[in-house]
Each structure stands twice: as structure tokens, then as C-alpha cells.
Amino acid sequence: MSAGVLSRSTIARRSREIGLAVVGVTTAEPFADLEPYVVDHVERGHMAGMRWFTAERARQSMNPVVLHPGARSIISVAVPFWSGIVSPPDDGLLRGRIARYAWGRDYHVTLKQRMRRLVALLEAESGRSIEARVLVDTARASDRAIAARAGVGWHGKNTMIIIPGHSSWAMLGEIIVDFRLPADPPLAKDCGRCAICIARCPTGAIVEPYRVDSNLCVSYLTIEERGPIPHELRSRMGTYVFGCDICQDVCPYTAAAKVTDDPDFRPRSIDNVFPSLGFLATMTEEQFREAYSGTPVTRAKRSGMARNAAVALGNTGDPRAEPILIGMLLAHDLPLARGHAAAALTQLAGDEARRTLRAAWRAERDEYVRSEIHRALTAVSV
């Protein structure tokens, strides 16, 4: 079935009207050329921490018809969210960092609502019902491959999609529709010889151009990892407690990104951008929900954010972090938080920290926490 009165310009105009600033169209043909790469990526173990992302799932994600049997075309959309350079307040608090995309409302909700609105507008324009499926990040679709083939942007060496005028600061979504549209050509652009994102990744997660080992990525470690963070990576994570923006911050295209003031991506408070590490270290479940409900941060759960706060506190190297970490080690209800607090104290290693580690060793009953305390005591005794 054809698109009828729906022209490419009509789709673009309607998209912009509802806050879908960038739009491209591609076919619903399989991504056969990408399948070997994605399957190889899984088999190399670069997705090992996400056990649900199997080679079979990867193969299915390469065929849009698996997601929507009536698929004929895919409308790829992007919502930019670069709001300019910001700095933490000089208010005397030790603060962490949250990745920019998670400052405001959950992007899954924002994009799905806007895309459903676009489908309704296109139905009104065409005078026919449209069988569509809207996708944002969570279904078996390769968002970035679709965006690249639709001409929305091109693959950067950090695997992000770089969009002219916005760099990689945009959230992606797709609408799979049951009619054919003229496809946009891919952009004939690439990163050239630039490799600054690879050089500046603190954990070496960009193991080669266009390939990220998720097991090393700070975003994975702070969000998807549910257990202890590998010791050798903790000191490289800086003060990020949810996600990481470094490979995007250092990208030369960020200098040309347009400042966007999208209300759905505005933070409710400074703690949605630079959260107090003391708060994260002591918050109750109720306080966590009150502070971060409706934002992507809830994905990390209270346990993950407390753990991440302990790592960030140690990485500050600030003496003011010591009493917070001591409090976590002695009184936090979650073993994961207590264990990471013990390890983080070795980066401060004051006399009080040593005394507390020895006292905690005598009192602690959780085997995981005891192993962290033992490791910490060994480190501070050297």
C-alpha cells in the first residue's frame, strides 16, 4: 500500500510540530550486512553482562518484519537534548554526575507519546488508518542502524549516531508503518581520522573504532550491572553515578551542537544533574523514588545508586568523603553499599578510616562485605 497523500515534506513538517526535530525514512528491508557484525559482537562477549541480548535476539533485531509483520517502511526520528555546558554549584557539597539524557523525564515516555501523536496526525493527513508500531530502545530493533540507513545521522567511532547540528545529543525512536514511503539516502559522512573518543574513554571501553565492550563501559557499570563493580575499573569512573557522557563531551561535533530547551529534558532540580553524594549514600527507598521517579535514573535502583555513590566518594579524594563512607560501612542496610564503601575508604585512608575498617571486620557478618573489608585492610596496611 502506498502512502497516498503523505509526502516526505509532510512527515517532516508534522514531526517538527510535535517536537520530533529530526526525521528520516528507510525501507523495512532486513539489515543483512549488519547481522554478522552484531552476532560477532555478542559472541566476543562484549554484551556478556546483558544475558538477554543473545545471538538469536541479535539476528531477529536485523529484520523489521519480525517486529511488525506488515512493515513496509520505517520512520526514524530523533529528539535533540543538548542544553549547553553546565557546571556543579559551588555549595560545599560533594556531588556526582548524571548523564545528560537522564536529567529530565524518561525519554521512553516522551518519544513514544510524540510518535503516537505523529501517527495520529499522519492518519488525519492521509484519511486512512495506519498500522504502526512505535519503538524506543526496548524492543528488538537496532535504533542506530535504522537511523543511519534513514539518513538521520552516521555512526561515530564511539558507536553513537552523530546528527548534523546536534552531534550525538539526541534520543532515537522508530515508527514501523504498513505503507511504503520514498527512502532517504544515508549520509555520506564519517569521523575521518579523529579518534578522540577512543583516547579519552576512561575505562578503554571503545575497544576499536565502532565497537564498545559494554562490560567496561561506565554507563553499563553504573546502570545495568547489579552486583559489585570490578575493582580495577572503580577508580576510572570519576564521579559519574548514572551513565557517562565523556565520549560525547569530547567529540568535536559537540562544539557545533545547537542548544535545545526541550521541557521534557529539563532537570527538576540540581540533584537531577549533579546529585549530592551524601544524599545518595543515605537515602531511603522512599526518598529515592521521590527524587527520581519518572526519570531514567530509577533503572539503576536505589542499591545501584548507593553503590555508585560510594565509588564516586572515593574517587573525589576529598577528606569530607571519609565520614560519609564510614557511615555507609557501619550502618547502610545494603551489603552492596557497605562493601563498596569499604573499598572506597582505601582511597582516603585516614586514621579514622583504618580504625573503622578494623571495627567493621569484627562486626560484619555478610561474606561479600567481609571480603571487601579484608581487601581494604590489606591495601591500607601496605
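This is a predicted model: local features need pLDDT of at least 70, side-chain atom pairs count only at pLDDT 80 or more; totals for chains, interfaces and linings use all residues.
Q: How many residues in the lining of the largest cavity are nonpolar, polar and charged?
A: The model has 1 cavity of 30 Å³ or more, and the volume of the largest cavity is about 30 Å³. Its lining is made up of F31, S61, N63, P64, L67, A141, S142, I146 and I176. Sorted by residue class, this lining comprises 6 nonpolar, 3 polar and no charged residues.

Q: Are F81 and W169 buried or exposed?
A: Among the 7 aromatic pairs in the structure, F81 and W169 form one that is edge-to-face, with 6.0 Å centre to centre and 90° between the planes. The pair links distant parts of the chain, 88 residues apart, with F81 in the loop between β2 and β3 and W169 in the loop between β6 and β7. Because buried means under 20% relative accessible area, the 5% of F81 and the 0% of W169 class both residues as buried.

Q: Which residue has its charged end over the ring of W169?
A: Ring pairs join W169 with F81, W82 and F265 in a cluster. At 5.3 Å from the centre of the W169 ring, the charged end that sits over this ring belongs to R100.

Q: How many residues apart in sequence are the parts that the pair of W154 and Y253 ties together?
A: W154 and Y253 form an edge-to-face pair, 5.2 Å centre to centre with 80° between the planes. W154 is buried at 4% relative accessible area, whereas Y253 is partly exposed at 35%. Since W154 lies in strand β5 and Y253 in the loop between α10 and α11, the parts tied together are 99 residues apart.

Terms used: Residues are numbered from 1 along each chain as its sequence is written. Side-chain values use heavy atoms; hydrogens and water are left out. On a 1 Å grid over the protein atoms alone, a cavity is a set of points where a 1.4 Å probe fits but cannot get out, and a pocket is an open set with protein on both sides within 12 Å along at least five of seven lines; lining residues have an atom within 4 Å of a point. Grid points are joined across faces, edges and corners, and a volume is the space filled by probe spheres set on the points. Ala, Val, Leu, Ile, Met, Phe, Trp, Tyr, Cys and Pro count as nonpolar, Asp, Glu, Lys and Arg as charged, and the others, Gly among them, as polar. Rings of Phe, Tyr and Trp (its six-membered ring) pair if their centres lie within 6.5 Å; planes under 30 degrees apart count as stacked, over 60 as edge-to-face and the rest as tilted. Helices (H or I, at least four residues) and strands (E, at least two) are DSSP runs, numbered from the N terminus. Buried means under 20% relative accessible area, exposed over 50%, partly exposed in between (1.4 Å probe, protein chains only). A charge sits over a ring if NZ of Lys or CZ of Arg is within 6 Å of the ring centre and within 35 degrees of the ring normal.
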